[in-house]
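Dear colleague,

Please find below the structure that I am handing over to you. My notes on what was found in it follow directly after.

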Amino acid sequence: MTHGRTVIRNGLVITAADELHADVLIDGERVVALAATGSPEAQAWRADRTIDATDCYVIPGGVDAHTHMELPFGGTFASDTFETGTRAAAFGGTTTIVDFAVQSVGHSLREGLDAWHAKAQGNCAIDYGFHMIMSDVTEQSLKEMDLLVEEGVTSFKLFMAYPGVFYSDDGRILRAMQRSAGNGGLIMMHAENGIAIDVLVEQALAARHTDPRYHGEVRRELLEAEATHRAIQLARVAGSPLYVVHVSAEQAVAELAQARDLGLNVFGETCPQYLFLSTDNLAEPDFEGAKYVCSTPLRPREHQAALWRGLRTNDLSVVSTDHCPFCFVGQKDLGRGDFSKIPNGLPGVENRMDLLHQAHLDGHISRRRWIELACATPARMFGLYPRKGTIAPGADADIVVFDPHDRYTMSAATHHMNVDYSAYEGRQVTGRARTVLSRGAVVVDGGEYLGHAGHGTFVPRATCAYLN
Ligand code: DUC
Ligand code: ZN
Ligand code: ZN
């Protein structure tokens, strides 16, 4: 579909590299030029549509590299479909997601990937890519990895947690890492020692410790740090890069820092829930803590300082959401009386850009670092840059006109995610997406949805741009 020429005037363009008072010219689905606001060049542009961004930022659309739409988990499914989840993402200023296709045990990667294509195709409001969850590392699935890399599915998540479901033992992990060392794929690791955690779960339940807060207690910080350390050593042995997802414990950040100080291709991701929430939430009475059950778990608030520091030093280089919503009524409920049966996951795809902007206002990160963590680095990490993650000639016109003064209260009553609670209920933030463009089309404007299911297309990805 062609959208003619659009010009965005009078805004402050912020990318990971620059802040410029510039106008942006879009032709069809792509950015074609930037020029200083008021310059003869910008004034000479003729367009079919002008978007006025006075007093606003003009930023690249967010890239959320970790979502789980419709994920089957714990006997139920994540409550956002690709349609509802990507629409909510658009409202929150995110214009690309990378979701996790799942290989189940006994099935091929191909079957899993085809199933996820079928769920997403024709349903998405914004562009999307896939990572592949490998639950069954076999001779066959190792060979399939090469084919997936060629098709633009260039990253593979393995689990050291969830024995009997997604879990891979060290031998399987090593084999997958060796394969990715050869084919350019990036191994993403859920680093928690699931075998030890399951022992602690059993002991906790035997002691009648059944409330949601025990989810946080049994998934010990040391078991995240130990698994992170082990994953790093296995990657070194295999000669492969490693990306550790949803890092929450200070001791795990220390493992990443040590590896990175050695110059290794080891990268870390954290999520807003670990930066803004804590075990205090998990301990909320009347089973309310179930709303905050995810893995890795929320940590005592003292860990937050280490995460913010990691984001500044680049020992953590991406903030994704791990968006995996389950309704409080009817889904989280499954774990009343047994915390281990609470489906793991939090909603957040709509909240990430605004929470990170608030983090800028609170003095944790600079404005350009906000864009780097939320747009540019995930795009580079997962082979989407410069098509996604920046505003530059040739890039997709995935652009957000962001009003940095718009103060509002996050709430389930007003959010667009298909889930009956907000993890950030009542939190006031300043700054919100006003106008959101996906490949040149306005999909959200002033709180109104103007997009449609099926606008979003699958984006084949190149390999990680950070490897040295
Ligand atoms: N963690 C979650 O919280 N949900 C889904 C899978 C995961 O690893
Ligand atoms: Zn995980
Ligand atoms: Zn996840």
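In this predicted model, strands β10 (residues 127–133) and β11 (residues 155–159) run parallel and are joined by two bridges. Within this pair, methionine 132 lies opposite phenylalanine 156 of β11.

Both strands belong to an open sheet of eight strands with parallel pairing, whose order is β6-β9-β10-β11-β12-β13-β14-β15. At its edges stand β6 (62–67) and β15 (318–319); each has a single partner strand, so one side of each remains without a neighbour in the sheet. In general, the strands of a sheet pair through backbone hydrogen bonds, in either a parallel or an antiparallel manner.

The second topic is the ligand. Ligand 1 sits in the largest cavity. The residues surrounding ligand 1 are Leu71, Lys157, Phe159, Tyr162, His190, His246, Cys294, Ser295, Asp322, Cys324, Asn344 and Gly345. Sorted by class, this shell comprises five nonpolar, five polar and two charged residues.

Several polar atoms of the protein may be located beside the ligand. From an oxygen atom of ligand 1, a polar side-chain atom of histidine 190 is 3.0 Å away. A polar backbone atom of serine 295 lies 2.7 Å from a nitrogen atom of ligand 1, and a backbone N or O atom of asparagine 344 is 2.8 Å from a nitrogen atom of ligand 1. Of the 240 Å² of accessible area that ligand 1 has on its own, the protein covers 99%.

With kind regards

How values were computed
Residues numbered from 1 in each chain as written. Chains lettered and ligands numbered in written order. Predicted model: local features only at pLDDT ≥ 70, side-chain atom pairs only at ≥ 80, totals over all residues. Heavy atoms only, no water. Near = heavy atom within 4 Å. Polar contact = N/O pair within 3.5 Å; in protein donor to acceptor, adjacent residues only side chain to side chain. Areas by Shrake-Rupley, 256 points an atom, 1.4 Å probe, with all protein chains shown as cover. 1 Å grid on protein atoms, 1.4 Å probe; cavity = no way out; pocket = protein on both sides within 12 Å on 5 of 7 lines; lining within 4 Å. Sits in = over half its atoms within 2 Å of the grid points. Nonpolar A, V, L, I, M, F, W, Y, C, P; charged D, E, K, R; others polar. Pairing = 2+ DSSP bridges. Helix = DSSP H or I, 4+ residues; strand = E, 2+ residues; numbered from the N terminus.
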